[in-house]
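Dear colleague,

Please find the structure below. My notes on it follow.

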Amino acid sequence: NRIGVDATGTAKLPNGGYGINGTETSHAVVVGGSEPGAGNVISGNDGRGIGLYQGANDWTIHGNRIGVGPVGVETDLGNGTEGIGLSVNPIEMRIRIGGENAGEGNVIAWSGEAGVNCPGLGWAVEIVGNVIRNNVGGGISLRTDDTTVARNAVHDNGAGFDGIVLATEAENDKVFHNTVHGNGGDGVEVLGAGHTIRNNLFTGNAGYGINLNGGTMTESHND
């Protein structure tokens with residue numbers, strides 16, 4: 001599908017709200033796929049590329065181009081707010097963004113706010129194997145607990161914004177094997193408690209590689 005762009009996927013035809021909106025009745029949903037041509041182009045929308053609310057759970061979002069065209073290198077196609085935003089009540093969310101296998105990662109770029117924003121207080125989110133870059137409001141922002149952030153390339157996100165933020169409300173998140181480079185703030189800012197940050201590469205960020213700003217982490221073996 002082409003959502004928010006023309007049939008070629010290279011020019012904006014924005015929807016006034018989100019590209020895809022998931023509400024409390026939306027469960028066991030797959031957006032995209034790993035096979036060639038299975039992913040969607042979700043770009044140019046006035047709101048979020050994908051937004052999930054309230055009781056939405058059991059979503060898999062993989063193989064999509066969000067904020068870019070079908071090739072993945074196009075510019076000026078960003079969504080107006082977040083690429084993906086999860087505003088979900090405190091529940092076990094079971095939401096997977098990307099994946100470890102070939103073709104499962106999403107490209108999430110040029111968003112007007114964060115690339116991936118989880119402002120809800122749920123848990124059980126996985127953000128794995130994505131390219132999250134050139135987003136105005138930073139790469140990944142989490143308030144969720146027990147979230148896994150692994151094997152992502154998080155780079156060149158906006159001036160003054162971090163590659164990854166683990167907010168005060170977030171606890172026990174796991175940040176493994178990511179490359180976090182060239183972001184406009186810290187590589188990762190840790191405000192919440194009990195996180196594990198291991199085997200990541202933090203380079204060329206405008207602020208600190210890891211900024212323990214009132215938060216705690218249980219383990220750190222990073223470059």
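The model is predicted, so local features need pLDDT of at least 70 and side-chain atom pairs count only at pLDDT 80 or more, while totals for chains, interfaces and linings use all residues. Residues are numbered from 1 along each chain as its sequence is written, and side-chain values use heavy atoms, with hydrogens and water left out.

Strand E8 (residues 84–88) has five of its five residues buried (under 20% relative accessible area, with exposed over 50% and partly exposed in between; 1.4 Å probe, protein chains only). Strands are DSSP runs of E, at least two residues, numbered from the N terminus. Ile84, Leu86 and Val88 point one way from E8, and Gly85 and Ser87 the other way. E8 runs parallel to strand E5 (residues 50–54), joined by five bridges; pairing requires at least two DSSP bridges between two strands. Leu86 is the bridge partner of Leu52. E8 also pairs in the parallel sense with strand E11 (residues 116–118) over two bridges, where Ile84 stands opposite Val116.

His62, in strand E6 (residues 57–62), counts as buried at 12% relative accessibility. Leaving aside residues up to four places away in sequence, His62 touches Val30, Val31, Gly32, Gly33, Ser34, Gly98, Glu104 and Asn106 (heavy atoms within 4.5 Å).

Arg198 lies over the face of Phe176, at 4.3 Å from the ring centre (the criterion is NZ of Lys or CZ of Arg within 6 Å of the ring centre and within 35 degrees of the ring normal).

Regards

Terms used. Helix = DSSP H or I, 4+ residues; strand = E, 2+ residues; numbered from the N terminus.
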